[in-house]
Amino acid sequence: MKLVRRDLEPDGPGSIKIIPEEEDDMWHAYNLISEGDLVQAVTVRKVLRELASGGRDSERVKLKLEIKVESVDYNKEGSVLRIRGKNVLQNEHVKDVWDSFSLDILHQACDPAASADLAVVLMQEGLAHMFLIGRSITTTRSRIETSIPRKHGPAIAGYESALKKFFENVLQSVLKHIDFKVVRCLVIASPGFTKDQFRDYLLLEAERRSLRPIIENKSRLVLAHSTSGYKHSLKEVLDAPAVMTLIKDTKAAQEVRALKDFFDMLSDDTARACYGPRHVEVANERMAIQTLLITDSLFKNADVLARKKYVNLVDFVKNSGGSVHIFSSMHVSGEQLAQLSGIAAILRFPLPDLDDIEM
């Protein structure tokens with residue numbers, strides 16, 4: 001995201017001018033824009049004119065539109081942002097209140113280092129999914145599917161040929177979607193030895209074809225076990241201790257580690273972990289929160305008071321010396337947290353009486 005102009009006051013009015021440069025930037029824009037904001041953009045429209053002869057003439061003209069936002073929708077498959085509202089007269093302010101959540105999004109979106117820096121290829125024979133994982137979003141970049149015959153008997157020759165074709169398709173996807181200037185680590189995961197076979201194929205073909213991106217970054221290839229080539233196996237891959245050690249410096253690992261710490265605490269010392277808005281609120285009142293985990297979807301609330309409540313919670317935890325992890329609802333770890341109401345906390349000290357408070 002490129003920040004062209006910034007004119008705002010924290011917790012006050014202001015406006016910014018931004019230019020999305022990557023697909024993830026549209027997700028950041030989705031989190032920045034709220035109902036009631038004014039959004040201005042340049043667009044091209046077809047204009048019809050009545051001619052003196054009675055006919056019509058048309059031309060495409062560039063227009064600057066400004067709408068008052070009524071609703072915002074994001075399509076993760078195409079990284080498409082849709083904003084609905086009525087066109088209004090130009091106004092000095094675009095956003096009424098720039099709270100700490102919005103400022104964090106803006107900083108993250110305009111920081112080149114905040115881009116997806118982890119890639120994962122989940123495989124099984126004949127099926128592969130490629131994911132790019134950043135701090136904010138997990139995107140599926142490609143799905144590769146090839147019919148592979150049985151490995152036994154006369155079909156063995158067809159098996160080898162089909163497997164090679166499958167590996168070649170995955171290789172092309174790696175070359176197309178992975179930029180090692182940004183991606184720090186490529187995890188290749190599968191059940192059995194498919195991952196090992198593909199890595200060997202990848203390195204052999206890279207040497208044979210002089211594929212510099214692969215040759216120069218082969219140390220960034222990490223092998224891991226998964227039970228399948230489907231997305232649901234992504235969690236187990238990122239949770240594996242060996243993988244966590246190797247990807248510990250990537251941004252995706254920070255949220256994954258925080259969520260794992262929470263579940264470990266919930267299992268080992270129930271009184272030092274809680275989830276749900278009411279339980280977390282009480283724990284905060286007692287200044288007991290050591291680590292707060294919260295999904296960004298709780299901030300996407302048309303109710304200004306509800307949004308402000310969560311912003312104040314985040315600010316209070318930070319000011320009290322606690323740490324805060326804001327999970328993207330478009331991220332694999334955010335999806336897990338959403339199943340626990342979207343908010344949870346690891347506590348500094350036990351609060352066994354929380355169980356007596358109704359959620």
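The largest cavity has a volume of about 30 Å³, where a cavity is a set of points, on a 1 Å grid over the protein atoms alone, at which a 1.4 Å probe fits but cannot get out, and the volume is the space filled by probe spheres set on the points, joined across faces, edges and corners. The structure is a predicted model, in which local features need pLDDT of at least 70 and side-chain atom pairs count only at pLDDT 80 or more, while totals for chains, interfaces and linings use all residues. Residues are numbered from 1 along each chain as its sequence is written, and side-chain values use heavy atoms, with hydrogens and water left out.

A search of the whole structure returns one cavity of 30 Å³ or more. The largest cavity is lined by Asn284, Met287, Ala288, Ile289, Phe316, Val317, Ser320 and Arg348, lining residues being those with an atom within 4 Å of a point. Asn284 belongs to helix H9 (residues 277–285); helices (H or I, at least four residues) and strands (E, at least two) are DSSP runs numbered from the N terminus. With a relative accessibility of 13%, Asn284 counts as buried (under 20% relative accessible area; exposed is over 50% and partly exposed in between, with a 1.4 Å probe and protein chains only). Apart from neighbours within four places in sequence, Asn284 is in contact (heavy atoms within 4.5 Å) with Ile289, Leu313, Phe316 and Val317.

Met287, in the loop between H9 and strand S12 (289–295), is partly exposed at 46% relative accessibility. Its phi is near 55 degrees, a positive value in a residue other than glycine. Ser341, in the loop between helix H11 (332–338) and S14, also has a positive phi, of about 80 degrees, although it is not a glycine. Ser341 is partly exposed, its relative accessible area being 36%. Most residues other than glycine have a negative phi.

Beyond neighbours within four places in sequence, Val170 is in contact with Val121, Met123, Ala128, Ile144 and Phe198.

Helix H1 (residues 23–32) is largely enclosed by the rest of the structure, because eight of its 10 residues are buried. The buried residues of H1 are Asp24, Asp25, Trp27, His28, Ala29, Tyr30, Asn31 and Leu32.

Across the protein chain, the secondary structure comes to 11 helices and 14 strands, and 47% of the 359 residues are buried. Of the contacts with a separation of 6 or more, 66% are between residues 24 or more positions apart. The average pLDDT (the predictor's confidence in each residue, from 0 to 100) is 83, and 86% of the residues score at least 70. Among the elements, helix H2 (residues 100–109) has the lowest mean pLDDT, 70, and strand S14 (residues 343–347) the highest, 96.

Note on methods:
On a 1 Å grid over the protein atoms alone, a cavity is a set of points where a 1.4 Å probe fits but cannot get out, and a pocket is an open set with protein on both sides within 12 Å along at least five of seven lines; lining residues have an atom within 4 Å of a point.
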